[in-house]
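Let me put it on the screen.

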Amino acid sequence: MAGPTNVEDYLYGLPQESRAALEKLRRTIRAAAPEATETISYRMPTFKEQGRFLVSYAAFKDHCSLFPASGAVMEALGEELEPYFSGKGTLSFTADKPIPAALVKKIVQTRIEENAAARRQ
């Protein structure tokens, strides 16, 4: 089964509550990483920064997820992420209780710094 080919198609196919939560998350990520590009990867909206994975997000039946997929993020922001942590590199939330924008910005900034360090090596 073919998935969406762009972020707008992905969001359009969601129930209104999930769509609104992910659109807000998308705007927060975009504000924190204005140079990042958007794509669909693994059937999910994904932000890349200078060609490197930054974060992705998705909606599921009973929750939404943000995927920083990074041990560095978990290590740097562990206590703040605890209420959302649902597995290796996965943060889960509901549309009515999203991850706070300030925390999303910290996650994105940590990923940008992690990518920059990897490029220097």
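So, start with Asn115. Leaving out residues up to four places away in sequence, Asn115 touches Glu49, Arg52, Phe53 and Leu54. Asn115 is found in helix H4, and with a relative accessible area of 4% it's buried. One caveat before I go on: this is a predicted model.

Now, which strands does H4 lie across? S2, S3, S4 and S6, and H4 runs at about 150° to S3.

How many strands form it, and in what order? There are 6 strands, the order is S1-S2-S3-S4-S6-S5, the sheet is open, and the pairing is antiparallel. At the edges you find strand S1 (37-41) and strand S5 (85-87); each has a single partner strand, so one side of each has no neighbour in the sheet. On average, neighbouring strands are turned by 30° against each other, direction ignored.

S2 and strand S3, residues 52-59, run antiparallel and are joined by 4 bridges. Within that pairing, Lys48 stands opposite Phe53 in S3. And Phe53, remember, is one of the residues that Asn115 touches.

Next up, charges. In general, side chains of opposite charge can pair when their charged atoms come close. How many salt bridges are there here? The count comes to 6.

Take Arg119 and Glu49, whose side chains meet in a salt bridge at 3.5 Å, N to O. This pair links distant parts of the chain: Arg119 is in helix H4 (residues 101-120) and Glu49 is in strand S2 (residues 44-49), 70 residues apart. Buried or exposed, what about the two ends? Glu49 is buried, with a relative accessible area of 9%, whereas Arg119 is partly exposed at 33%. Glu49 also turned up in the Asn115 contacts.

The salt bridge between Arg111 and Glu114 has a distance of 2.5 Å, N to O. Here both residues lie in helix H4, 3 residues apart, which is about one turn of the helix. Arg111 has 5% relative accessibility; buried means under 20%, so Arg111 counts as buried. Glu114, with a relative accessible area of 27%, is partly exposed.

There's also a network: Glu8, Arg26, Arg30 and Glu38 are linked by salt bridges.

And then there's Glu80 with Lys106, where the side chains meet in a salt bridge at 2.8 Å, N to O. Again, distant parts of the chain are linked: Glu80 is in helix H3 (residues 71-81), Lys106 is in helix H4, and they are 26 residues apart. Glu80 is partly exposed, with a relative accessible area of 36%, and Lys106 is partly exposed too, with 37%.

That brings us to H3. Which residues of H3 are buried? Val73, Met74, Leu77 and Leu81. They cover an arc of only 125° around the axis, so they sit on the same side of H3. On the other side of H3, Glu75, Ala76 and Glu79 are exposed. What covers the buried residues? The cover includes S5, S6 and H4.

Leu77 is in helix H3, and at 8% relative accessibility it counts as buried. Setting aside neighbours within four places in sequence, Leu77 is in contact with Leu103, Lys106, Ile107 and Thr110. If you like C-alpha distances, Leu77 and Leu103 are separated by 8.7 Å, at 26 residues apart along the chain. And notice Lys106 in the contact list of Leu77; that's the partner of Glu80 in the salt bridge.

Note on methods: Residues numbered from 1 in each chain as written. Predicted model: local features only at pLDDT ≥ 70, side-chain atom pairs only at ≥ 80, totals over all residues. Heavy atoms only, no water. Salt bridge = Lys/Arg side-chain N within 4 Å of Asp/Glu carboxyl O. Helix = DSSP H or I, 4+ residues; strand = E, 2+ residues; numbered from the N terminus. Buried < 20%, exposed > 50% of the residue type's maximum accessible area, 1.4 Å probe, protein only. Pairing = 2+ DSSP bridges. Axes fitted to C-alpha atoms, helices over the stretch in contact; angles between N-to-C directions. Contact = heavy atoms within 4.5 Å. Arc of directions from axis to C-beta.
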